[in-house]
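Good morning, and thank you for coming. Today I shall walk through one protein model, beginning with the spaces inside it. Please look at the sequence and structure now.

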Amino acid sequence: MSDHAGLVSHLRAAWLSGRTRPLEYRTAQLEALGRFLEEKKQDILEATALDMRKPSFEVELSEISICRSELNHTLNNLGAWMKDENVDKNWATQLDSAFIHKDPYGVVLIIGPWNYPINLLLVPLIGAIAAGNCVVLKPSEISRNMERLVAEALPSYLDKDCFAVVTAGVEETTRLLENKFDYIFFTGSPSVGRIIMTAAAKHLTPVTLELGGKNPCYVSDTCNVQNVARRVAWGRFFNAGQTCVAPDYVLCSVEMRERLVPALREAIAEFYGSEPRNSPDFARIVGDKQFQRVQALLCSGRVAIGGQTDEKERYIGEGTACAGGTPWDVQENDPVMREEIFGPVLPILTVTSEEDAITFINARERPLTLYVFSSSTKVVRRLLERTSSGGFCANDTIMHMTLTSLPFGGIGLSGMGRYHGRFTFETFSHLRSALLRADGREALNNLRYPPYAPRRLPLLRTTVESRRRTVACTLL
């Protein structure tokens with residue numbers, strides 16, 4: 001604890017001074033974060049290229065643009081979000097003031113992942129600043145170049161008394177977690193999420209855990225197969241499949257599989273050319289350990305598309321699809337179906353019906369996102385109503401992540417808590433209940449004071465109880 005105790009204490013003293021609470025201070029820090037994004041844009045593009053050979057187009061879209069959108073949305077609405085929220089009152093409090101006050105938690109810890117090292121670190125930071133907290137940021141050590149950039153450049157834009165960047169590996173992070181934080185926000189794997197939650201429990205610290213899981217993609221027989229193939233291929237192979245909301249496997253009928261696999265092959269050739277390895281638009285696996293894990297998953301079933309690998313480049317052929325449903329193909333207990341893939345591999349399993357797909361999905365851990373492709377709104381609604389997942393998207397992939405108006409978060413093994421837009425502000429805010437009463441009018445309180453008189457109880461109940469509304473019935 002001694003490694004970081006002094007830093008945490010310094011930030012806590014700054015927070016207790018009230019420094020981060022005024023709207024003007026929060027706005028100034030958010031605007032400074034915006035300058036970081038603009039002035040260090042080229043450095044961000046270069047760092048992500050070095051770490052993962054991520055295409056600049058994907059970085060612009062999934063890292064910089066999303067952060068800018070979150071930042072602008074927050075700056076546009078922060079004044080309104082911070083205002084006290086009046087609530088309904090009972091008869092006993094009609095002359096009083098009752099409201100919800102948005103309090104910052106205090107000193108919060110944000111631990112970011114390596115796959116989207118700007119987006120998934122700065123979007124939570126935007127909400128934490130907006131809510132008036134002091135923050136310790138811990139970028140992932142796996143994306144080394146981006147970690148270095150954040151550690152060296154970001155502190156010069158923010159108030160150093162209230163915001164700090166800590167670089168740490170596993171052992172150092174373990175010691176960091178021994179300190180008492182007022183909130184912890186973690187994005188990563190379920191296995192590490194359990195470690196975070198265990199450490200937080202020692203101090204009864206609330207947490208948000210943005211984890212992952214195997215996101216199903218059900219493709220019904222009633223859909224435009226070419227459109228499905230392009231949208232699924234884009235969502236699966238964006239960032240070389242290293243996306244927590246990517247479709248992890250496809251469920252469809254045998255007939256749809258026979259149409260979908262050729263359509264996927266065409267979409268992949270359209271996106272990445274006849275020699276995908278040479279495409280500038282396809283990223284690489286982030287590290288050797290991750291490459292070897294994903295490569296091993298290719299042994300499941302037969303490879304229908306792609307499948308070439310190059311360990312030196314950490315390249316796995318985009319568009320790799322394992323077509324399932326026959327004895328020699330992918331089975332539901334194969335390794336590729338037992339863990340989140342997090343790479344450019346797309347298993348296709350066949351089901352006999354929509355009901356079969358629903359049963360298959362519900363028999364597994366609840367995913368971060370569920371995708372459905374169908375031209376039938378009834379099919380879409382049935383999948384929405386009869387399954388459970390963190391998020392839901394019909395007839396596209398990943399695009400729900402672009403809406404600041406939608407909460408993003410998991411359920412069960414895929415995580416807990418939510419953020420994006422106002423939901424991030426609320427995540428890092430304690431909703432403090434407040435009732436302000438006058439110190440006079442004491443006669444009105446006599447009903448509740450001892451010695452108790454049974455005859456007062458009906459009147460007292462009337463003043464404090466909520467009553468059921470009557471529903472009007474209209475005869476036609």
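Let me begin with the largest cavity: its lining has eleven nonpolar, four polar and no charged residues. In this classification, Ala, Val, Leu, Ile, Met, Phe, Trp, Tyr, Cys and Pro count as nonpolar, Asp, Glu, Lys and Arg as charged, and the others, Gly among them, as polar.

Before I continue, a word on the source. This is a predicted model, in which local features need pLDDT of at least 70 and side-chain atom pairs count only at pLDDT 80 or more, while totals for chains, interfaces and linings use all residues. Residues are numbered from 1 along each chain as its sequence is written, and side-chain values use heavy atoms, with hydrogens and water left out.

How is empty space found? Rolling a probe the size of a water molecule over the atoms shows where empty space is left. On a 1 Å grid over the protein atoms alone, a cavity is a set of points where a 1.4 Å probe fits but cannot get out; a pocket is an open set with protein on both sides within 12 Å along at least five of seven lines; and lining residues have an atom within 4 Å of a point. Grid points are joined across faces, edges and corners, and a volume is the space filled by probe spheres set on the points.

The structure holds two cavities of 30 Å³ or more. The largest has a volume of about 200 Å³. Its lining comprises 15 residues, and Ser62, Ile66, Tyr116, Ile398 and Met401 are the closest to its centre. Helices α4 (56–82) and α5 (119–130) each supply at least two lining residues, and α4 gives the largest share, three residues. Helices (H or I, at least four residues) and strands (E, at least two) are DSSP runs, numbered from the N terminus.

The second largest cavity holds about 50 Å³ of space. Which classes of residue line the second largest cavity? The lining has nine nonpolar, no polar and no charged residues; among them are Leu125, Val135 and Phe163.

We turn to the pockets. The largest has a volume of about 1,300 Å³. Of its 47 lining residues, Gly188, Ser189, Pro190, Ser191 and Val192 lie nearest the centre. Helix α8 provides the largest share of this lining, five residues. By class, the lining has 21 nonpolar, 15 polar and eleven charged residues. The second largest pocket contains about 350 Å³ of space, and its 17 lining residues include Trp91 and Arg437, which are among those nearest its centre.

Next, a helix. In α13 (residues 377–386), Val379, Val380 and Leu383 are buried, where buried means under 20% relative accessible area, exposed over 50%, and partly exposed in between (1.4 Å probe, protein chains only). Seen down the axis of α13, the buried residues fall within an arc of 100°, so they line one face of the helix; the arc is that of the directions from the helix axis to the C-beta atoms. An α-helix has 3.6 residues a turn, so residues three or four places apart point the same way. On the other side of α13, Thr377, Lys378 and Glu385 are exposed. The buried residues pack against β8 (216–219), α12 (354–362), β15 (369–373) and β16 (391–394), with contact meaning heavy atoms within 4.5 Å.

Now consider a sheet. Three strands form an open, antiparallel sheet in the order β1-β2-β18. Strands β1 (85–86) and β18 (429–436) stand at the edges, each with a single partner strand, so one side of each is left without a neighbour in the sheet. Two strands pair if DSSP finds at least two bridges between them; eight bridges join β2 (residues 97–104) to β18. Within this pairing, isoleucine 100 stands opposite serine 433.

Finally, some backbone details. Most residues other than glycine have a negative phi, and most peptide bonds are trans. Phenylalanine 342, in the loop between β13 (320–323) and β14 (345–350), has a positive phi near 55°. Histidine 420 has a positive phi near 100° and counts as buried at 2% relative accessibility. The peptide bond from proline 450 to proline 451 is cis, with omega near -5°; proline 451 lies in the loop between β18 and α15 (457–464).
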